[in-house]
Structures are given as C-alpha cells and as structure tokens.
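Thank you all for making time this morning. I would like to walk slowly through one structure, and I ask you to keep it in view while I speak.

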Amino acid sequence: MLVYVAKRTLQSLVILVIMISAVFFAGRMIGDPALMILGPEASQEDRESLRRALGLEQPIPVQYGRFIQGAATGDFGDTFRYGRRTSRMHGPDASGFFEETGANPALPLVLERLPATFLLAAVALGFAFAIALLLGIIAAMRPRSQMDRSINVLSLGGVSIVDFWLGFMLIFFFSVRLGWLPTSGAGTWQHVLLPAATLAVRPIGRLTQLVRSSMLDELAKPYVEAARAKGVSERAIVYVHALKNSAIPIVTMMGDETANILTGVIIVEVVFAWPGIGQLLIQALLMRDLPLIEATIFVLIVMVIAVNWLVDLSYTYLDPKVRLAN
Amino acid sequence: MQRDVLGGTALIRRPSLRFLALCLGAGLLLAACGVGAETTDPEDPDPDDAAADAASDPAAGDQIEELVVAVSQEAQAMQAQTAYKEVNNPGVRNVYEPLIQKHPETGELLPALATEWERLDEETLQLQIREGVTFHDGSPLDAEAAAYSVNHLWNPDHNFAIRETMGPQITAEAVDEFTLHVMTDGPDPLLEERLVLQAVQSMEQLFERPETEDTEAVGTGPYRFVEWQPGSHLLLERNEDWWGLEQEHYGVGDSQPPFERIRFLYRLESSVRGAMSEAGEAHITMYVTPEQCEDADADPDRQCITNPSDAYIFYRPDYQEGAHEALMDVRVREAIFLAIDEDSIVENVIVLAEPPYGQPFNDNWVGFNSDIEPFGYDPDRARELLDEARADGVPVDDLTLLVTNRQGAAPRIEETTQAVGGFIEAIGIDTDVRSEEPAVFNERVTTKPTDGRAFMPVHPSQDPLQDMATPFLAAARSTHVLSVYDNPEFDEQLLAATRLSGDERDAALQEIVAFNREQHILGSVGTLSFAWVIPEGWDWPITPQHRFEIVQFTTGQ
C-alpha cells in the first residue's frame, strides 16, 4: 500500500510541475506583461523599467527557474494592485519595486480567501451528494417507472444547465420575487444556499445517473438474490451491500465533481459576490495582476490534484483488490 | 413485473410524494406572483444584511440608520491617492477631503480644507488652511500636515497612479501654521483643478502607522473609516466631530451626513446590483444598465438618475508617415468621419451616452468650441469625397481599415465597434472589425504605423480635469506613445495652449479643437453617461466624475 501511495504522490507532483509550467509560459505568450499591466498610455521608459523590476528582461530559462523556485517556496511575488504596490509601476526608478516595506505578497492573499471557497464547495458537494444519492437510489429501485423517467429528465436538465444563467435565475426567483434569500454576498447561512445550489445542480445531474446505473448493476447481481433468499432486509441490501459495492465509480465521480466544483466556483463567486478565490482570480485577470493570477491558479491546480490524489487513496479502502495488489 | 424492492413498504409513499410536489409547486407559484417578504431580521448585524434598513421606505421619510450602496468596483487599497477617481475606491471621498472642492452643478471652485487661495506667481499657489479641523485619528490639520500630504501623493519616488493627472511636478511647504504654498516646476494653470482631485490624509498615520496606509483610510471627512473587507465591503460611520456639521456646503443637498453608517457592497455584476436594488437590499445602486434604469423608474419607490461622465469613446485613424497612403488624404479621413452615425450609435447601441458636438467632448470641458458644427452623418457626401480622392489617384480601393476595440474596455464597446465598422463599410471602404484581447490591442495601439498600416481603434478615455488639452496631448502630440499624428507645428501650438490659463487657455484650446475638426484627426462616438438608482424623492446633482459624496444628496432624512 505504501508503494501505491508513493506512486500516486509522485505522479501528482509531476502533473503539478507540468501544470504550473503551463501557467508560466501562458502568461508570457499572451503578450508583454509590462504593457498589459501598465496599459497603452505608459511610456516606453516606464515599460522598460517595469520589465527590469519584474526580471522580464532575463532569458526565459532564467525566468522559469526563478518562477519554479518561487513556486516551491510559495513566493509568486507581490500583487501589483492590492496595497501599496498599486503605485510603483511607473517611472525610471521602478527597480526599487520589491524593496519597499508594506509589500503585499500574492499567495497569502489567495490563502486568505480559501476558507470561503472551501465552505461554498463543501456545501455544494453536500447538496450534490445527498440529493444525487437519494434520487439515484429511488430511480434504481423503480426502473422504467414514471418516477425513474422523471428523475432521468431532471438529471439531464441539471447536466445541461449553464451555471451563471441558473445563478441569475435563482437570484431572480428566490431573492427578488420571493424575498426568501439574499441576492449575494456572505455572512449568514442564508447567503451560502443559492451559490451552493447553483454549483450543485450539474453534479447532481451526473451523479444521479451514475448512482442509478451503478445501483441497477449491483441489484441485478446474484448475491442480491441470495441475500433476499436468506431473508436480509431490503434496506440492508440496498444501503449496506449494493451501495458499498457500487461506491468506487461513485467515489471516482465525486472526486471528479469536487474538482469541477472547485473550478466552477470562479463564475459562481462572481455572480453571487462570494469572497472566495474565484472572485479574486477574476479581479486579478481584470487588473492584469500577473503574480496574483499565477498564485491563484497555482492554488486551484494544487486543490484539484489533491482531490484526485485523495480519491486514488480512497480506493485502497473501498476496493480490497487494490489493497491486496499493492 | 415491477418489484417493490422494499417488500411492500415503500421508502417514500408515492401518493405522499406527488401530493407534496403539488403543494410545493402551488406554493412557489403563489409566492412568486408578488407576495414579497423581508429577507432577514432587522436586528441581524451581519455585513451584507441590509434588509432591515432597506425595508423602511426612504421616500416616506423613515429614518435609515445604515445606508447600503451597491457599487460596481472593488477598492484595491485605502490609500488617499485612490480617491482621485471614483471607480478606484467608491465612496472613499466621504472619508477624505481635498483642499479645494468643486461645485457639483456649476463647477465653480470652492473652499474645502483650504478656506482661500491666491496665485503668487505662475508657479506658486498660496492657500489658507481651515482652522479647527482634526483628522479621524485626532491629529490636527495644519499647513505642515497638508504639505506632507501633498508631497506624499505627488512624490515621483512613490509614483502613485494620481500622477497621471499631474502636469509639472507638484510640491508643497508650510509657510506658517495655517499658510501653505503649493509649487510647480513650471507654469501650471490647472493646479487648482488638480488639488480638487487630491485627498488629504493624516500625517500622523503616515509617520506612526505607515503599515496601515493601504488598509485604513484616515481623513477629515463627514464619515470615518470603520472596516474594509476586500472582496466584500467598505463600512463607514458618521464623524460626529466633522468641521462641516451645521454648516452649509455649496448650497447643494442636505450638506450634512444624514446616516449613522454607510456600507459599500462590492458587486461586480450589474445584474446582481440590479437584483439588489429590486429586492430592496441596497438603497443606492451604482452604474445600472438602461434596462435596469427603466425598471427603477417604473417602481414607485425608486428612481433612476443619469449624468454624462468625464469618459468618452474616441476613434482615430492612422495618420502619420508609415500609414496607408489613403489615410494621409484629408478627404478620405473626412469620409470616414462622415460615414459614422454617432447619434444612432448613442441612441441604439450605447444608450447611456451623449452624442459628440464635432469635438470629442461635451460643453462642460475647457476648450469646448461652440462655433463648430458636429461632424454629422452624411454617407452620400462621404462617397463623393472618396470618388474625388480616387479620381486623383488616391488608392482608396486598396484600403482595408482595421477597426478594433479592447475587450471589456467600456459598456457595449464591442457592439459600438461593429457599428462603426459597418457604417464605414457602407460607404465603400473595406473594413476588418475585431474585438481584441488587451495584450494584442495594447501592443497595436502603442505602435507607430509602418508599411502602410491602416488601423483605427475605438476606445474609451477619461479625464477628470475635463480639459481639452489632455486628449489631444495623448492622441495627437507626436511624442506620445498613443499618437499617430506627427505635426511639429501642431505640437508647438498645443504645448503653448497648455501654458495658458482662464479665457486665454479656453480660446487657445478652441483653436486646437477647430483644427482637429478641419483635419479629422480625433473623432468621438460620444460621452459616456452612467446611471444610478436612488430612492424616490431623493435628489443628487451627479458630477461628471460621478463622485459619491453623501452630503450632496437631498434625502429628507
């Protein structure tokens, strides 16, 4: 089992390095960062000065080495826009850019916003898991019934829906028309409901279908008939035996959906003004704050890779074959 | 046979489930048909909970304790230098005050933290600092504190963004306890205007708590800073020691801070701001769409107010050595200008805008020339001009004009650019219309034309000083990175105009405007207007900078 864990960990690290390298090169391929940051009105002198301050005049391999070294220690540089760094982007003496007190490093800013994103993702996952499990089991226990067909249509609708549109519709219906929930922001348990529901709808759709098909497969197996013949209760058959045996694909998809939710929060947080890292990323993109963009995407990549790693590890518990093979 | 897998006992009984579903659906339908409800407990102190206050009807004169304002942009820092442009830090001008203020309706310069001022020479302005004023941290405002604040904000080593509005370098020194000299290292007729933009901050904070400059605003204004939560809100509370209490200011609005607190909620999405306004979660909503404006006007409890801003959308075809030969011919440029129906674009595309007057900006700018005619829309005349140019061998048919905008640069900028391109295409000039990523657009717009380039950006610009010199200095002076016009005589004329003040300046700039009209260098689609939703019965004379200062409101509170 240790070998299995070590292998998965190493694979995750390799993927992490590849992904953040892609972030580095993408940031330099889309144009001159100094021009993007300063805007078209900046003089050539200002642009050269900022390039020197950012180390952009160095060869790409040198920049890359510094970037990887920084990423390994959590140092992506200082945000250009939040705090005092707003100022020092113009003029001939931008070389003192990073030496001033009151610097605002990008990564801690991102980590500050992480709890809000985790809360939102956790609630959305909770909704998704609970509702999908319920609907999937109901559909599996009444195959080809009207209930099954209705659930199937609903789940397809969930998969197809566009999340930002759904968000606006939920705001319109539950906040503006009904006045039951706040439109946006954070602070109370009511604030998390609409954004979490928006995030949960698509996973509910996909998970419901997977739970249904996995359960149908399990309920058709001979051991289920044998259990019934032995007098085991239906609740035990469904919830203890069949559900556990269909857990692997469900857990795999849960991991997949967790990753989707973590990246899906970007749009939802903007719609609902939820103060998480998604909103921060959009602000950083609008402000062309390269260090903040890199730091935020790095954190998102780490979260997605971590989720997949945990899913892989969970197989050793759920599937004895994996445990025994390793 | 369909097996009942629970041996006769269903997990959920089907009839109950159907009945429940029916009841739920009916309930939702009834509720959605207009039965509203307050969302939260009036006693709930949570940051985004404004329903308690919003539920009271301001139009009926109910007292609002905490005013909630939904704003379109988030502050990046609480530094005083952010206060020069409202979108940098919405609402912070209620905390910081300038030395000189501007009347929101007439534009007249008025005393604020300075009670009087006079020019000693063309590079020195003497001001008398108002006595008895203290900063929110208890430190006194005097000439030394004011001088420190001026020097701090305009310091070239700090390079704050406010320096983009500066002419010659600005410095200051205290002459005595309440007499301040502000100096420039060259004649600056707009110095007083620049001081209107500059907020005054606490010297004690900068000395003793410099690490708080980014995160706490310490000024002298009618509201003091309470907290700033990035990504969420800015909270202010009334300053009971404000020097301006029980005094009238400008003869506009209540002149007093009527609310105990003001909370600015950051809401990037205009749809969400509109929803907050409609749901009663925000008393005031910043920058709404034309559709939301209509909805507000149809609501008996709300109203929509609009005003032109200091932002405009310009277009300027390449016109410099290296540009396409056809664009060097004034007839072709005139044809392009005549082809564009700005009135139609303003009315049907941008909506919240004012059409131009044959010059880039409207009549509250210094240098506005009331004698010149609008460029006008005359496609027939445009085609005639092109035919004349063709007959003289100008390669009009060889011209493909690249018309581009920067994505997201202004509301409906993509649609505006498409309209501009379509109008030009209709007179027989080939166009290539694109909406470009910032990196691509910025690179192109800052590159001088070569190899017969034919490029015309459609892009917004802004000048809080509202002086015609600024856009021409950027778009037409040959040394500027954005300019594609190279005329040394024009450069000299323009620079000479910038050294003048008062009526002389106005007259000189009007000549520049007339020259532009004649040569078709810089065109404008229109001046952008912005809309706010405020409670019915309130009044607010919005300044062109759309600066939110609550004492200028008439609220009846």
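Before I point at anything, one term: a helix here is a DSSP run of H or I that is at least four residues in length, and the helices are numbered from the N terminus. With that in hand, and bearing in mind that this is a predicted model, please find A:L16, which lies in helix 1 of chain A, the helix made of residues 2-29.

Is A:L16 buried or exposed? The relative accessible area of A:L16 is 17%, and since buried means under 20%, A:L16 counts as buried. If we set aside residues up to four places away in sequence, A:L16 touches A:F298, A:I301, A:V302 and A:I305. As for A:M287, which is 271 residues from A:L16 along the chain, the C-alpha atoms of the two are separated by 26 Å.

Let me step back to chain A as a whole. Chain A has 14 helices and zero strands, and 54% of its 326 residues count as buried. If we take the contacts in chain A between residues at least 6 apart in sequence, 72% of them join residues at least 24 apart.

Now for one helix of chain A in more detail, namely helix 10, residues 234-245. How far apart should its ends be? At 1.5 Å a residue, the twelve residues of helix 10 of chain A should span 16 Å, and the end C-alpha atoms are 15 Å apart, which agrees. The residues of this helix that are buried are A:E234, A:I237, A:V238, A:A242 and A:L243. Looking down the axis of helix 10 of chain A, we find these buried residues within an arc of 135 degrees, so they line one face of the helix. What do they pack against? Their partners, again in chain A, are helix 5 (106-141), helix 8 (189-219), helix 9 (222-229) and helix 11 (247-272).

Let us turn to chain B, where I would like to show you a sheet. It is an open sheet of four strands in the order 5-6-8-7, with antiparallel pairing. Strand 5 (114-121) and strand 7 (170-176) of chain B stand at the edges, and each has a single partner strand, so one side of each is left without a neighbour in the sheet. From one strand to the next, the twist averages 25 degrees.

Strand 5 and strand 6 (residues 124-129) of chain B are joined in the antiparallel sense by six bridges, and B:W117 stands opposite B:L127 of strand 6. Strand 6 and strand 8 of chain B pair in the antiparallel sense over five bridges, with B:T179 of strand 8 as the bridge partner of B:Q128. Strand 7 and strand 8 of chain B, also antiparallel, share six bridges, and they form a hairpin with two residues between them. In this last pair, B:T171 stands opposite B:M183 of strand 8.

Helix 3 (residues 143-154) of chain B lies across strand 6, strand 7 and strand 8 (179-184), and runs at about 170 degrees to strand 7 of chain B.

Finally, a word on strand 12 (residues 261-266) of chain B, which is mostly covered, with five of its six residues buried. Strand 1 (residues 66-71) and strand 12 of chain B run parallel and are joined by six bridges, with B:E66 opposite B:R261. Strand 11 (residues 233-238) and strand 12 of chain B, by contrast, pair in the antiparallel sense over five bridges, and there B:I262 is the bridge partner of B:L236.

Notes:
Residues are numbered from 1 along each chain as its sequence is written. Chains are lettered from A and ligands numbered from 1 in the order in which they are written. This is a predicted model: local features need pLDDT of at least 70, side-chain atom pairs count only at pLDDT 80 or more; totals for chains, interfaces and linings use all residues. Side-chain values use heavy atoms; hydrogens and water are left out. The expected span of a helix is 1.5 Å times one less than its number of residues. Buried means under 20% relative accessible area, exposed over 50%, partly exposed in between (1.4 Å probe, protein chains only). The arc is that of the directions from the helix axis to the C-beta atoms. Contact means heavy atoms within 4.5 Å. Two strands pair if DSSP finds at least two bridges between them. Axes are lines fitted to C-alpha atoms, for helices over the stretch in contact, and angles run from 0 to 180 degrees between N-to-C directions.
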